[in-house]
Amino acid sequence: MTIFEALREDHEKQRSLLTMLCETEGESKNRRDLYREARDELQRHAAAEERYFYVPLMQHELTQEKSRHSVAEHHEIDEFIEALDETDMSSPAWLMTAKKLKDRVFHHLEEEEHEVFQQAGKVLQDKDKIGLAADYRKMMASPGSN
Ligand SMILES: [Fe+2]
Ligand SMILES: [Fe+2]
């Protein structure tokens, strides 16, 4: 498995969690559980992706700008999560913010998959693509890694 396949697999997980989250109603157990799961997934993915994808990409001129842009988007995504943490889950404002988070994340994943991966494919060696996937997956599999 390459780092691209590993990231793509978790991107799909995020898409499905956020889609389900935006279909929940009020302060239900379903909403609480899905929110916790989505937040955990987003935060752990961003941390592991920065360490095992963007840090190595920043060593290359070609991928520096897009890497910085992506990391900045991780911070924007974090701000939506903070806003959700601070909003009453039963209010319409909560769902509105959740939908904004979903749109932001979908846009971010799209950019990563269609712009960053292309450039990264040119600068990473084949052995790095495999090695980074293993490191990334190891970090994602260890609980509380953040
Ligand atoms: Fe990302
Ligand atoms: Fe990602």
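1. Let me start with L7 and its surroundings. Leaving aside neighbours within four places in sequence, L7 is in contact with H45, E49, F53, F117 and Y136, where contact means heavy atoms within 4.5 Å. L7 lies in helix α1; helices here are DSSP runs of H or I with at least four residues, numbered from the N terminus. L7 is buried at a relative accessible area of 0%, and the term buried stands for under 20% relative accessible area, exposed for over 50%, and partly exposed for in between, with a 1.4 Å probe and protein chains only. The C-alpha atoms of L7 and L109 are separated by 9.5 Å, although the two residues are 102 residues apart along the chain.

2. A word on provenance before going on. This is a predicted model, in which local features need pLDDT of at least 70 and side-chain atom pairs count only at pLDDT 80 or more, while totals for chains, interfaces and linings use all residues. Residues are numbered from 1 along each chain as its sequence is written, chains are lettered from A and ligands numbered from 1 in the order in which they are written, and side-chain values use heavy atoms, with hydrogens and water left out.

3. I3 also belongs to helix α1, and its relative accessibility of 0% makes I3 buried.

4. Now to the metals. Which residues coordinate the iron ion (ligand 1)? They are E49 (OE), H74 (NE2), H108 (NE2) and E112 (OE), at 2.1 to 2.2 Å. Donors are N, O and S atoms within 2.8 Å of the metal (3.2 Å for Na, K and Ca), and water is not among the atoms, so sites may look incomplete. Along the chain, the donor residues of this iron ion (ligand 1) are spaced E-x24-H-x33-H-x3-E.

5. The iron ion (ligand 2) has H11 (NE2), H45 (NE2), E49 (OE) and E112 (OE) as its protein donors, at 2.1 to 2.2 Å. Their spacing in sequence is H-x33-H-x3-E-x62-E. H11 sits in helix α1 (residues 3–21) and E49 in helix α2, so this pair ties together parts that are 38 residues apart in sequence. E49 bridges the iron ion (ligand 1) and the iron ion (ligand 2), which lie 3.0 Å apart.

6. H108 and E112 are about one helical turn apart, because they stand four residues apart in helix α4 (residues 92–123).

7. The largest pocket holds about 180 Å³ of space. Of its 16 lining residues, the closest to its centre are L42, Q43, A46, A47 and H74. On a 1 Å grid over the protein atoms alone, a pocket is an open set of points where a 1.4 Å probe fits, with protein on both sides within 12 Å along at least five of seven lines, and lining residues have an atom within 4 Å of a point. Grid points are joined across faces, edges and corners, and the volume is the space filled by probe spheres set on the points. Helix α2 gives the largest share of the lining, six residues.

8. Two further residues are worth a look. T97, in helix α4, is buried at 15% relative accessible area. D135 is in helix α5 (residues 126–141) and counts as partly exposed at 34% relative accessibility.

Methods. Helices (H or I, at least four residues) and strands (E, at least two) are DSSP runs, numbered from the N terminus.
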